[in-house]
Amino acid sequence: MCLVYISIGGMCDLPGANVLPFPIWVNWTLVVLICCFKASLAVISLRLSRRYKVLFPATVTAVAIYGILCLINAVTYSLYEMGITIKMLTVLSQTNINEVKEFIPTMASNIGELFCRPETYAILAFIVLSLFGVSKVRKTVLRRTAIVLSSAGFAALVTVLCLISNGRTNFSVAGRTVKSIWSSYKERKQIEMFMSDRPLLPYPETVKSQQLADVFMVIGESASRSHLSLYDYPLNTCPVLSRIDDGLIVFDNAIGSSTSTAFNMNRILTFLSDSDEATRWNESAMLFGVLNQAGYHTAWVSNQEMGGMWSNPTPAMVADADVVEYVGSISSDDATMAKYDDAVLPVIEKLALREDSPKFIGVHLMGSHIEYWKRYPKDYDIFTAESILGLNRNFELSHSHAATVAEYDNSIYYTDYILGRIIDIVNSSRRPTIMIYFSDHGENVYDDNDNFCGRDSRYVEVPFVMYANAPFREYCPELYHRLAEAASKPLSTADIANVVCTLTGTEYCLYDSTRDVSSPSYVSGPRYVDDKLWQSSE
């Protein structure tokens, strides 16, 4: 019976997914039956292997590994709606050691909160009572019941595998783990091949540009729109942006295309849409390649680390930039080189002085990356736990959780300062210049009453603002007016490459006006997050 429950942990993410085509109660029935079959296989293997001294330790090890994988799948799905999948392994491979160290305390806290939920204790009570009940059943009855359920489980597994066209490996937690690791390995090789023999820009002859304006594209990290006072958050987390009267356009309906930085970047820096598979980044034209062809002087300035533990395609996607500079630590081994986001400012100021060609400068901030208290100097320790507890919420926060929210809000406050400094640089330019700022994804920082902190598909609503200097507003009044009128239109950050084409006056055959919020042809279609249709929780 224990092995049945362990097996259910390895398949608990399937009933609500798009793998099984039946109502959810039917899906759960099939999963439970299949788990009975799996548990019987494990028991039979253990009993048969006892006859052979060599096989028994190997079988025990295999069952133990299976149990660990099932447990990991259950915990990650319960916390982050993502079991062991190719996406999870890809995200881990593109995460550096330092991020893992910072993430572990939050995950431990979330696991602790998981055991504070009434439903968790209800499930545990059911498991204990059922195990106790089974122990009282006669062995002959138990054996016959196991044979019947296992036979039904085998039939269910065969039926399901025959009915579905893809996703069969999801029914084996070990199989999907191996497949995910293999996919991650292939992506690493893909990046290595791309960097060693970078492909030429497709259809370069179709690129034409008026070189309309300089563009500063600032990408934040983990900033939720709901925590910016610019979007009516009760604490004044955006004092700088809120004071700007002219030139600032605040878009109030933008979302990221993923809860993962890596998958968002795969779309932001290419012409992939939010419905395209993010792993196909190498099949798309790169934004920097198009702008280089358009005659722009391009630069990538990042305060994030260049590489992950295993792979990270972002450096490959920006490799064509004329200037690539990582102002902080290149890897986790450079922990002493970690910097606050103001480290990007001297580099941006230097690049802005260049007057001999139009400029496109991409900036990647650390923003509000967990652990939040590390993202701002002590001088920006403005909000406290008491500030958060004083808000009129419909639920209560513990003092420690409120302190975490305060640290998050302080990181937002510091980002506001950084954006203000970049706007000063934009205003100093004599050329038409526009700054775009948006975050890759949001963060759930105890924003509802489930005591959760971390990535959540419900929290992908991100800040998205543009600031145009006086020359831009003077020389491009029609475009500026169109941007202002589009402020309430729903958009995805995956479409930013199309917007940049318009801002720079660049034509390209892969440009799609229906995905360009500044275009009269823009279509407010369905939006996707992590390959699933997204719907606002409001």
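Predicted model: local features only at pLDDT ≥ 70, side-chain atom pairs only at ≥ 80, totals over all residues.

The peptide bond leading from Ile370 into Glu371 is cis, and its omega is near 0 degrees. Asp232 is not a glycine, yet its phi is positive, near 75 degrees. For background, most residues other than glycine have a negative phi, and most peptide bonds are trans.

Now to helix packing. Two packed helices are described by the angle between their axes and the distance between the axes.

Take α2 and α7 to begin with. Helix α7 covers residues 139-163, and α2 packs on α7 at an angle of about 115 degrees, the two axes being 7 Å apart. The crossing of α2 past α7 is left-handed. Which residues of α2 and α7 make the contact? On the α2 side they are Leu30, Leu33, Ile34, Cys36, Phe37 and Ser40. On the α7 side they are Ala146, Leu149, Ser150, Ala152, Gly153, Phe154, Ala156, Leu157 and Val160. Sorted by class, this contact of α2 with α7 holds 12 nonpolar residues, 3 polar ones and no charged ones.

The other pair is α13, residues 344-352, and α15, residues 399-427. Their axes come within 10 Å and cross at roughly 15 degrees. Angles under 35 degrees count as roughly parallel, and α13 and α15 are therefore roughly parallel to each other. The crossing of α13 and α15 is right-handed. From α13, the residues Leu345, Ile348, Glu349 and Ala352 meet Ile418, Arg421, Ile422 and Ile425 of α15. In this contact of α13 with α15 there are 6 nonpolar and 2 charged residues, and no polar ones.

Next, the empty space. Rolling a probe the size of a water molecule over the atoms shows where empty space is left.

Which elements supply at least two residues each to the lining of the second largest pocket? They are α1 (2-11), α2 (24-49), α3 (55-80), α5 (97-114) and α6 (118-135). The most comes from α3, with 8 residues. The lining of this second largest pocket divides into 20 nonpolar, 5 polar and 2 charged residues.

How many cavities of 30 Å³ or more does the structure hold? It holds 2.

The largest cavity has about 50 Å³ of space. Its lining is made of Ala223, Leu228, Cys238, Leu241, Ile412, Thr415, Asp416, Leu419 and Tyr437. By class, the largest cavity is lined by 7 nonpolar, 1 polar and 1 charged residues.

The second largest cavity has a volume of about 30 Å³. Around the second largest cavity are Phe464, Leu491, Ser492, Asp495, Ile496, Val499, Arg515 and Val517. Two elements, β11 (491-492) and α18 (496-503), each give two or more residues to that lining. The classes in the second largest cavity's lining are 5 nonpolar, 1 polar and 2 charged.

That is what I have for today.

Key:
Residues numbered from 1 in each chain as written. Heavy atoms only, no water. Axes fitted to C-alpha atoms, helices over the stretch in contact; angles between N-to-C directions. Helix = DSSP H or I, 4+ residues; strand = E, 2+ residues; numbered from the N terminus. Parallel < 35°, antiparallel > 145°, perpendicular 65-115°, else oblique. Left-handed = near helix turned anticlockwise from the far one by under 90°. Contact = heavy atoms within 4.5 Å. Nonpolar A, V, L, I, M, F, W, Y, C, P; charged D, E, K, R; others polar. 1 Å grid on protein atoms, 1.4 Å probe; cavity = no way out; pocket = protein on both sides within 12 Å on 5 of 7 lines; lining within 4 Å. Points joined across faces, edges and corners; volume = space filled by probe spheres on them.
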